[in-house]
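Me: I would like to learn how to read the features of a protein model. Please take me through this one.

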Amino acid sequence: MANHGLIVGLDVGTSTIKVLAADVRDQQANIVAVGRSVAHGVKRGIVVDIDATANDIRQAIAQVNEQTDVPVTEVVASLPANNIQIQHVSGMVTVKDSQHISYADVAAAVKQAIKIQLPADREVVELLPTEFIVDDFDGIQDPNDMVGMRLEMKGVAYTAPRNILTNLRMAIAKAGLQLRDFVLAPLAYSKTVLAEGQQEFGTILMDMGAGQTTATVVHDNQLKFLTTFPAGSENISRDISAVLEIGLHDADMLKLDAGLALSEMANADNKLVIQKVGAETPEQVSELMVAQIIEARLMQILDKLGEKLNLVGVFDLPGGVVVTGGGAALRGAPEAVKAAYQVQVKSFVPSDIGLRHPGYAGAWAIVHYAAQQTPVQLIVKEALYDLPLTVLGQPTLGRQVMSTPVQPEPRQAMQAVQPQTAEPVDASEYEQTSVENDESPKKQNPIRNFFKEFFD
């Protein structure tokens, strides 16, 4: 594993599958090819039809291969935030090579750290070291070439449901590709979309996808809290289709071409032409009515997420909210988030030519995250996946390392992060929670009231 040369990011979404190929040099990613296909086997970011997803991945990869000199053989795949759990881990080893610490010792400490008790249906997909401790000296970011007798790594482990990982792995394999790495989408966003100050002082990242909306709280350069709500821009299109009695494709086009996220931005005198299913002649509907349908669903999503974010008191973070994802392309989406949360809101759109749409932010974040990994982060990931260690400028290191594990006390093996700051919210329970907005009463929307029972 290395972060140079051609790196290909795969973003398997609910509505579309996006692939970006980047030429990486000196931790800088230059996008060289783009592929995109309609997703047929994905629901809320999770693969539910392996064969269909594999076929869609092949179509997107074929588009990339037409733009590159070397055929794509491996990908870095994005993982959604569904049921991600965060835990503190630590691992300690005794250094035997004349007290001279190498990356092999780092790998040994990683393998000790991940010897944790997990349910059979979960596995560690990401491990971020927070610090290394050499003897009694802490706060070390890269212990390679240091002198010491004992090396300890403290870090944060992210675990995901095994069935989600297995289905995605199988779809990638059936598409004729090798899986180079898994990257958690919220983690990639936090490290690439946000500036250093936003990561340090605190920011809420909101990924407005097609099938679900994810809120991630970043503070002190770490993910502190993340949660999802199982509704997104696709649900908005379905609402328009149901209320106006038009086809789903027509509803999606109406949303993109003339939709507004807030009804106060609409003009009731503006008329839109629609073709109802089964009707012989077109009809007219006001721009205001379409905006009310959109606002009803969008505010439901924001209210549900806001309820959970309020519980951890994050709306005072100076970074405010950064919105991205395909749903953020809806006109007035940032203004709707600001109206719901009363905080400053910014939107993120990749600046690369051909990618200036928030829907490409996920794939963009994957390749840039992979490109920015430091040597020690690459060693940690290789140890996590039990791969031969590769270090730039050094021979490949075998699987066997020369360090002896130091048995930690049972209480040191793992410490779970406090649920109120790190444990994800169960989406099924989340959906059942009623919402009341006590801070700022909103203008009543008759369509929202009409469908309130259906939404909740």
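Me: In which sense do strand E12 and strand E17 pair?

Reply: Strands count as paired if DSSP finds at least two bridges between them. In this predicted model, E12 (residues 203-208) and E17 (residues 321-324) are parallel and share 4 bridges. Aspartate 207 has threonine 324 of E17 opposite it. Helices (H or I, at least four residues) and strands (E, at least two) are DSSP runs, numbered from the N terminus.

Me: What is the order of the strands in the open sheet?

Reply: The order is E14-E13-E12-E17-E18, 5 strands with mixed pairing. E14 (222-229) and E18 (345-347) are the edge strands; each has a single partner strand, so one side of each has no neighbour in the sheet. From one strand to the next, the twist averages 20°.

Me: Which helix packs on the sheet?

Reply: Contact means heavy atoms within 4.5 Å. Helix H8 (residues 287-311) touches E12, E13 (213-219) and E14, and its direction makes about 140° with that of E14. Axes are lines fitted to C-alpha atoms, for helices over the stretch in contact, with angles from 0 to 180 degrees between N-to-C directions.

Me: How many residues does the largest nonpolar core have?

Reply: In soluble globular proteins, nonpolar side chains tend to be buried together. A nonpolar core is a set of buried Ala, Val, Leu, Ile, Met, Phe, Trp, Tyr and Cys residues joined through side-chain atoms within 4.5 Å. Buried means under 20% relative accessible area, exposed over 50%, and partly exposed in between (1.4 Å probe, protein chains only). The largest core here has 66 residues, and Leu10, Ile57 and Tyr158 have the most contacts inside it. Helix H10 (residues 361-371) gives the largest share of this core, 9 residues. Another core, of 43 residues, lies apart from it and includes Ile301 and Leu330.

Me: Is asparagine 144 buried or exposed?

Reply: Asparagine 144 counts as buried because its relative accessibility is 18%. The residue sits in the loop between strand E9 (137-140) and strand E10 (150-161). A polar atom of its side chain lies 3.4 Å from the backbone nitrogen of tyrosine 103.

Me: What conventions apply to the numbering and the values?

Reply: Residues are numbered from 1 along each chain as its sequence is written. Local features need pLDDT of at least 70 and side-chain atom pairs 80 or more, while totals for chains, interfaces and linings use all residues, and side-chain values use heavy atoms, without hydrogens and water.

Technical notes. Polar contact = N/O pair within 3.5 Å; in protein donor to acceptor, adjacent residues only side chain to side chain.
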